[in-house]
Amino acid sequence: MKVRQNLYIDRDLSDALEALASGPGANKSRLVNDAVAAWLARRGTREIDDLLKVRLDRVSREIGLVRRDIDVVLESLALFVRYQLLVTAPLPEADSAALAIGLDRFEKFVGQVGRQLAAGKRTLGAIEPAEKVS
């Protein structure tokens with residue numbers, strides 16, 4: 001259903017509308033209807049953008065913190081591995097008892113990491129002041 005509207009617009013807009021409507025298959029009502037519909041759609045989009053902007057900013061900050069944490073963990077791991085490889089002497093092939101102990105420790109370590117991740121625990125946040133390494 002179409003509703004008749006009586007509107008007042010500036011002369012230059014009226015002239016521009018007249019020029020656009022003079023083309024084949026165009027009319028003022030359709031042009032104004034499409035322009036108002038597009039303007040209202042953009043306005044609704046802008047409101048949605050304003051609502052989401054706060055959430056997106058918060059998510060961006062949290063991603064930045066996670067990225068920083070990952071950088072710290074990776075650098076710590078890299079330094080630890082480098083230190084271990086430089087300081088720890090390799091075991092002789094004939095020392096099967098030491099190799100078995102090492103393999104057992106590694107298996108326990110991997111199991112503990114799996115349990116910590118499954119339980120949602122963080123070892124770094126759980127260190128008590130007395131346990132901190134100086």
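Q: Which helices each supply at least two residues of the lining of the largest pocket?

A: In general, a pocket is found on a 1 Å grid over the protein atoms alone, as an open set of points where a 1.4 Å probe fits, with protein on both sides within 12 Å along at least five of seven lines, and lining residues have an atom within 4 Å of a point. Helices are DSSP runs of H or I with at least four residues, numbered from the N terminus. In this structure, α2 (28–87) and α3 (96–119) each give at least two residues to the lining of the largest pocket, and the largest share, eleven residues, comes from α2. This is a predicted model, in which local features need pLDDT of at least 70 and side-chain atom pairs count only at pLDDT 80 or more, while totals for chains, interfaces and linings use all residues. Residues are numbered from 1 along each chain as its sequence is written, and side-chain values use heavy atoms, with hydrogens and water left out.

Q: What volume does the largest pocket have, and how is its lining made up by class?

A: A volume here is the space filled by probe spheres set on the grid points, which are joined across faces, edges and corners. For the largest pocket that volume is about 1,300 Å³, and the pocket is lined by 28 residues, with V73, L77, F80, F109 and V113 lying nearest its centre. The classes count Ala, Val, Leu, Ile, Met, Phe, Trp, Tyr, Cys and Pro as nonpolar, Asp, Glu, Lys and Arg as charged, and the others, Gly among them, as polar. By that scheme the lining of the largest pocket holds 17 nonpolar, seven polar and four charged residues.

Q: How much space lies in the second largest pocket, and which residues are the closest to its centre?

A: The second largest pocket holds about 640 Å³ of space. Its lining is formed by 16 residues, and Q5, L7, K28, S29 and V32 are the closest to its centre. Two or more residues of this lining come from each of α1 (11–21) and α2, with α2 giving the largest share, six residues. By class, the lining of the second largest pocket divides into six nonpolar, six polar and four charged residues.

Q: How many salt bridges does a search of the whole structure find, and which residue meets K28 in one?

A: A salt bridge is counted when a side-chain nitrogen of Lys or Arg lies within 4 Å of a carboxyl oxygen of Asp or Glu. The whole structure contains six of them. In one, the side chains of K28 and E18 meet at 2.5 Å, N to O; K28 belongs to helix α2 and E18 to helix α1, so this pair ties together parts that are ten residues apart in sequence.

Q: Are K28 and E18 buried, partly exposed or exposed?

A: Relative accessible area, computed with a 1.4 Å probe on protein chains only, is called buried under 20%, exposed over 50%, and partly exposed in between. K28 is therefore partly exposed at 36%, and E18 is likewise partly exposed at 42%.

Q: Which residues form salt bridges with K53 and K108?

A: K53 pairs with D57, their closest N and O atoms being 3.2 Å apart, and because these two residues are four apart in helix α2, about one helical turn separates them. K53 is partly exposed, at 49% relative accessible area, as is D57, at 34%. K108 pairs with D104, the closest N and O atoms being 3.4 Å apart, and this pair, four residues apart in helix α3, is also separated by about one helical turn. K108 is exposed, at 54%, whereas D104 is partly exposed, at 40%.

Q: How far does α3 reach from its first C-alpha to its last, and what does Q116 contact?

A: The expected span of a helix is 1.5 Å times one less than its number of residues. With 24 residues, α3 reaches 34 Å, close to the 34 Å expected, and just after this helix G120 takes a positive phi of about 75°. Contact means heavy atoms within 4.5 Å. Q116, placed in helix α3, is buried at 17% relative accessible area and, leaving aside neighbours within four places in sequence, is in contact with K121 and T123.
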